[in-house]
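Welcome! Please have a look at the sequence and the model before reading on.

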Amino acid sequence: MAYLALYRKHRPSTFDGVIGQDHITTSLKNQIKNNAISHAYLFCGTRGTGKTSIAKIFAKAINCDNPKNGSACGECETCKALSDPSNLDILEIDAASNNRVDEIRELREKVKYPPVNGKYKVYIIDEVHMLTDSAFNALLKTLEEPPKYVVFILATTEVQKLPATILSRCLRFDFKLVSTLELTNHLKNIFNEDGIKFEEEALSLIAKLGEGSVRDTLSIADMCVAFTNKNVTYDSVLKAVGAIDKTTLGEIANLILLGDKTMLLSKINDVCLLGKNVSQLSKDLAGYFRDLAVIKTCDNYKDILKYPESYLNTLVELANKSNIENVLKALKTYASLDNEFRLTNNPRIVLEVSSLGLCEEIKNELTLTQRVEALENGERKIVTKNVTALETPQVVIDNPKLQPEEKTIFGKLLVNLRKMNEVMLISLLGENTDYKLKQNVLNLISCNETEYNTLIKQQNLKTLNLAIKEIDEQFSVNIEYKEKQLEKSVEEVLKEKFGKDIKF
């Protein structure tokens, strides 16, 4: 016998064999038990979630002479007759290739003939959204008032494309994505039945890669079984699907969270040289940061992630050194790149530009946070030293002789601006701005004309005064401009050192 793919071999034949769609199978079984069969059904949802399978199960069940628990018995004469692919009572139509009005007119003529073997003649129209407007119009009247022995089951992955006139004539069921746990247990049952060796973590990974689709999950499992010769391990699944090595992903994620742009581009280049797909790299990075977010926010992360202990320990180590805001920022960046990849001929540039922008944003935020924290402690200036991967940034404090009250108030001002999410104003109050406290007025002295012109704008002055009044209602802010004194020229320095008579 020819080899059957796993998703074909293990296609459910009864409602009990369907996973993840209990809300639908229960409703359909109750209709069968109560003999309350509707004339038209609409099954909508993502691919591989069981729409066509349930349609076939339902079509047989409503014709069965002795249904068991809502499903066809498979033993009566009607069930045997309907199991023959050439039967004329259950007709499956592919609307993608039969979408013209002529095909629907032909169907409309055929519904006049009663069923041959069962009680109902069932038309399953798959990908019904592919019908033309004229075809939909031709279907309307028949769909609304078909002969009493005819049942229509429309299946679609894009329900938004269906006319409202069609939707209003059908009993609608929305198929949901199947959970990772249900897919994992389903794989376990199939592998045990077929005598395939496996690791628990490998099945969990395959289920995650299936993204809620039973058919996709079983197709990936089929590929992994062939690759491993029926001995499916976690590492072999990664190799079979061409996923990026987890160690490499961890190194890239760490460089991003440290804002190390130079090493990041080098590492991305190394991955591309190995022939890895750029779009897949982006998806893998999104998945990696999602795992970090789970560890940072969930106490039961081990049960959620289900990774091998060695790999999980590496994730936990990086998560403990990471800021949750930056992790979520990175997750959002890489999760949104898929649409951009569709609109470009060079996805690598999109990935690199997005990564560099993310790095710059994180690096600036790290520097800004360090500066504000230093000022909170009464310090004036910080210098961040270069660090290597997984090291904590080191800060060297330069503490000029300023009045303690000045330092405290300026530091509290920056803290309040940070609470107000005024990142631009905080950055403007940088190295080019000095400050002096005179009575209850904090004078901010800018040496940069562009920054000064921005600070004195009415809205910015209002924001600064609101921030300082959080410290004390009597305080206010004043902005001044002072030209920066030019540094001495080389000639002046040499004359000071060797005398005015030196010749150049």
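Let us begin with helix α12, residues 246–258, whose 13 residues reach 18 Å from the first C-alpha to the last, close to the 18 Å expected at 1.5 Å a residue. Please keep in mind that this is a predicted model. The protein has 504 residues, of which 44% count as buried, and it contains 24 helices and 12 strands.

**More on helix α12**

- Helix α12 is mostly covered, with 10 of its 13 residues buried.
- Among these buried residues are Leu-249, Ile-252, Ala-253, Ile-256 and Leu-257, and the buried set of α12 also includes Lys-246, Thr-248 and Asn-254.

**The nonpolar cores**

- The largest nonpolar core holds 65 residues, and those touching the most other members are Phe-191, Val-232, Leu-281, Phe-289, Leu-292 and Tyr-334.
- Helix α14, residues 278–297, gives the most to this core, with 10 residues.
- Another core, of 26 residues, lies apart from it, and Cys-44, Ala-95, Leu-107 and Tyr-123 are among its members.
- Which residues does Leu-292 contact, leaving aside its neighbours within four places in sequence? Leu-292 is in contact with Leu-257, Leu-315, Leu-318, Ala-319 and Val-327.
- Across the protein, 69% of the contacts with a separation of 6 or more are between residues 24 or more positions apart.

**Helix α17, a helix with a buried face**

- Helix α17 covers residues 324–335, and its 12 residues should span 16 Å at 1.5 Å a residue; the end C-alpha atoms are 16 Å apart, which agrees.
- Its buried residues are Asn-326, Val-327, Ala-330, Leu-331, Thr-333 and Tyr-334.
- Viewed down the axis of α17, the buried residues fall within an arc of 165°, so they line one face of the helix.
- An α-helix has 3.6 residues a turn, so residues three or four places apart point the same way.
- Lys-332 and Ala-335 are exposed on the other side of α17.
- At the start of α17, a side-chain oxygen of Asn-323 comes to within 2.7 Å of the backbone nitrogen of Glu-325.

**Aromatic rings**

- A pair of aromatic rings is described by the distance of the centres and the angle of the planes.
- The count of aromatic pairs comes to 12.
- One of these is the edge-to-face pair of Tyr-234 and Tyr-307, at 6.4 Å centre to centre with 80° between the planes.
- This pair links distant parts of the chain, 73 residues apart: Tyr-234 is in helix α11, and Tyr-307 is in the loop between α15 and α16.
- Tyr-234 and Tyr-307 are both buried.
- Why does the pair of Phe-289 and Tyr-334 count as stacked? The ring centres are 6.1 Å apart and the planes lie at 0°, so the pair is stacked, given that planes under 30 degrees apart count as such.
- Phe-289 in helix α14 and Tyr-334 in helix α17 are 45 residues apart, so to speak a link between distant parts of the chain.
- Phe-289 is buried, as is Tyr-334.
- Tyr-41, Phe-43, Phe-58, Phe-173 and Phe-175 form one aromatic cluster.

**A histidine to look up**

- Not counting residues up to four places away in sequence, His-186 touches Ile-19, Val-214 and Leu-218.

Technical notes
Residues are numbered from 1 along each chain as its sequence is written. This is a predicted model: local features need pLDDT of at least 70, side-chain atom pairs count only at pLDDT 80 or more; totals for chains, interfaces and linings use all residues. Side-chain values use heavy atoms; hydrogens and water are left out. A nonpolar core is a set of buried Ala, Val, Leu, Ile, Met, Phe, Trp, Tyr and Cys residues joined through side-chain atoms within 4.5 Å. Buried means under 20% relative accessible area, exposed over 50%, partly exposed in between (1.4 Å probe, protein chains only). Helices (H or I, at least four residues) and strands (E, at least two) are DSSP runs, numbered from the N terminus. Contact means heavy atoms within 4.5 Å. The expected span of a helix is 1.5 Å times one less than its number of residues. The arc is that of the directions from the helix axis to the C-beta atoms. A polar contact is a pair of N or O atoms within 3.5 Å; within protein, one must be able to donate a hydrogen and the other to accept it, and residues adjacent in sequence count only if both atoms are side-chain atoms. Rings of Phe, Tyr and Trp (its six-membered ring) pair if their centres lie within 6.5 Å; planes under 30 degrees apart count as stacked, over 60 as edge-to-face and the rest as tilted.
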